[in-house]
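Subject: Structure handover

Hi,

Here is the structure for you to look over. My notes on what turned up follow below it.

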Amino acid sequence: MNLTKNLKSLEVTVSKLVAKAWMDDEFRKRFISEPTEILREAGVFIEDFVKIVVNQDSTNAPVLQGADGMTIYQINLPPKPSDLSDEQISAWSLGGVDVASACRSCC
């Protein structure tokens, strides 16, 4: 999947990575420190001119912006929602259950 070509699929992939980060603290730390590698491992092609930034505790929508020949994709990593169970979050991160509609306010 190409970062700039298929944004809907990218949103789904990112939401699953966010859910995984809520459930696994070591993964969360790595997602924050190595977001480009995490996205590549998830099958997202990241062009060399793209920088990935993870904003902790932000509930804003992801942002794709350009600056000086560089494209910056900001991924927001909001706090874990209290209205979803660990089982629901885990199921979504593994691709089993669609809880995205229940999580619209946080992601």
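How exposed is Lys-29? Lys-29 counts as partly exposed, because its relative accessibility is 47%, and partly exposed covers the range between under 20% (buried) and over 50% (exposed).

Before going further, a word on confidence. This is a predicted model. The mean pLDDT of the protein chain is 81. Of its residues, 76% reach 70 or more. Helix α2, residues 25-33, has the highest confidence, with a mean of 96. Strand β2, residues 63-67, has the lowest, at a mean of 69. Residues 99-107 also need a flag: the pLDDT there is below 50. That stretch still has 13 contacts in the model beyond near neighbours in sequence.

Now the charged pairs. Side chains of opposite charge can pair when their charged atoms come close. The structure holds 6 salt bridges. Three of them are described here, namely those of Lys-29 with Asp-25, Lys-29 with Glu-26, and Glu-34 with Arg-30.

Lys-29 and Asp-25

- The closest N and O atoms of this salt bridge are 3.5 Å apart.
- Both residues lie in helix α2, 4 residues apart, about one turn of the helix.
- Asp-25 is partly exposed, at 45% relative accessibility.

Lys-29 and Glu-26

- Here the closest N and O atoms are 3.6 Å apart.
- Lys-29 and Glu-26 are separated by about one helical turn, because they sit 3 residues apart in helix α2.
- Glu-26 has a relative accessible area of 55%, so Glu-26 is exposed.

What links Asp-25, Glu-26 and Lys-29? A network of salt bridges joins these residues. Its setting is helix α2, where the model has its highest mean confidence, 96.

Glu-34 and Arg-30

- How far apart are the closest N and O atoms of Glu-34 and Arg-30? They are 3.0 Å apart, and the two residues form a salt bridge.
- Glu-34 counts as partly exposed because its relative accessibility is 36%.
- Arg-30 also counts as partly exposed, at 28% relative accessibility.

If you open one site, take the Asp-25, Glu-26 and Lys-29 network. For residues 99-107, keep the pLDDT below 50 in mind.

Best wishes

How values were computed
Residues numbered from 1 in each chain as written. Predicted model: local features only at pLDDT ≥ 70, side-chain atom pairs only at ≥ 80, totals over all residues. Heavy atoms only, no water. pLDDT = per-residue confidence, 0-100. Helix = DSSP H or I, 4+ residues; strand = E, 2+ residues; numbered from the N terminus. Contact = heavy atoms within 4.5 Å. Salt bridge = Lys/Arg side-chain N within 4 Å of Asp/Glu carboxyl O. Buried < 20%, exposed > 50% of the residue type's maximum accessible area, 1.4 Å probe, protein only.
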